[in-house]
Amino acid sequence: MARILIVEDTPGNMLLTSIVLESEGHTLFCADRALPGIEIAQQEALDLILMDVQLPELDGTAAVAILKGDPRTCAVPVVALTAYAMKGDRERLLASGFDGYIEKPINYVDFLAEVQRITGGTSMPLPE
Ligand code: MN
């Protein structure tokens, strides 16, 4: 099971994402803004961050730049949660530092497969 931070400002999306991940037994941390999410990431050992792209105040793209520039958080995979479906968006998000990309509304099976792909093996300590 993984320790996952969800940063999402839309309550319905947060609820759905949380229910799906909790049903799989993951430990969840939740924030509705980027800055409190970054604070959680700096304090908790996380396996994955799911980051909404469109957020008030600081958006997801700015937040991933902060996370990837901080030695405390740079190793944690950050996956974009976005309603963007325009051609080129995936490449643009990956170029801005995201490790993956999940389109909303989430498809239950595809979403869990992507979470499993990214967190699989990360719960094992790395060999010295
Ligand atoms: Mn949003």
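Trainee: What makes E1 and E2 a pair, and in which sense do they run?

Mentor: E1 and E2 are joined by five bridges in the parallel sense. Two strands pair if DSSP finds at least two bridges between them, so the five bridges of E1 and E2 meet that requirement. This is a predicted model, in which local features need pLDDT of at least 70 and side-chain atom pairs count only at pLDDT 80 or more, whereas totals for chains, interfaces and linings use all residues. Residues are numbered from 1 along each chain as its sequence is written, and side-chain values use heavy atoms, with hydrogens and water left out.

Trainee: Which residues of E2 face Leu5 and Val7 across this pairing?

Mentor: Leu5 has Phe29 as its bridge partner in E2, and Val7 stands opposite Ala31.

Trainee: Why are E2 and E5 called edge strands?

Mentor: The open sheet holds five parallel strands in the order E2-E1-E3-E4-E5. E2 and strand E5 (100-103) each have a single partner strand, so one side of each is left without a neighbour in the sheet. On average, neighbouring strands are turned by 20° against each other, direction ignored. Helix H1 lies across E1, E2 and E3 and runs at about 170° to E2; such angles run from 0 to 180 degrees between N-to-C directions, with axes fitted to C-alpha atoms, for helices over the stretch in contact.

Trainee: What makes E1 mostly covered?

Mentor: Four of the five residues of E1 are buried. Buried means under 20% relative accessible area, exposed over 50%, and partly exposed in between, with a 1.4 Å probe and protein chains only.

Trainee: Which residues coordinate the manganese ion, and what qualifies them as donors?

Mentor: The manganese ion is coordinated by Asp9 (OD), Asp52 (OD) and Gln54 (O), at 2.0 to 2.1 Å. Donors are N, O and S atoms within 2.8 Å of the metal (3.2 Å for Na, K and Ca), so these three qualify. Water is not among the atoms, so sites may look incomplete. Along the chain the donors follow the spacing D-x42-D-x1-Q. Asp9 belongs to the loop between strand E1 (3-7) and helix H1 (11-23) and Asp52 to strand E3 (residues 48-52), so the two tie together parts that are 43 residues apart in sequence.

Trainee: Are Asp9 and Asp52 buried or partly exposed, and how do you know?

Mentor: Asp52 has a relative accessible area of 3%, so this residue is buried. Asp9 stands at 26%, so Asp9 counts as partly exposed.

Trainee: How do you know how many disulfides there are?

Mentor: A search of the whole structure finds zero disulfides, a disulfide being a pair of cysteine sulfur atoms within 2.5 Å. Cys30, at 42% relative accessible area, is partly exposed, and Cys74, at 35%, is likewise partly exposed.

Trainee: What makes a set of residues a nonpolar core, and which members of the largest one touch the most others?

Mentor: A nonpolar core is a set of buried Ala, Val, Leu, Ile, Met, Phe, Trp, Tyr and Cys residues joined through side-chain atoms within 4.5 Å. The largest has 22 residues, of which Leu5, Leu46, Ile49, Met51, Leu67, Val78 and Phe98 touch the most other members. Elements giving two or more residues to this core include E1, strand E2 (27-31), E3 and strand E4 (78-82), while H2 gives the most, with four residues. Apart from this core lies another, of 17 residues, among them Ile6, Val79, Ile102 and Val115. In soluble globular proteins, nonpolar side chains tend to be buried together.

Conventions:
Contact means heavy atoms within 4.5 Å.
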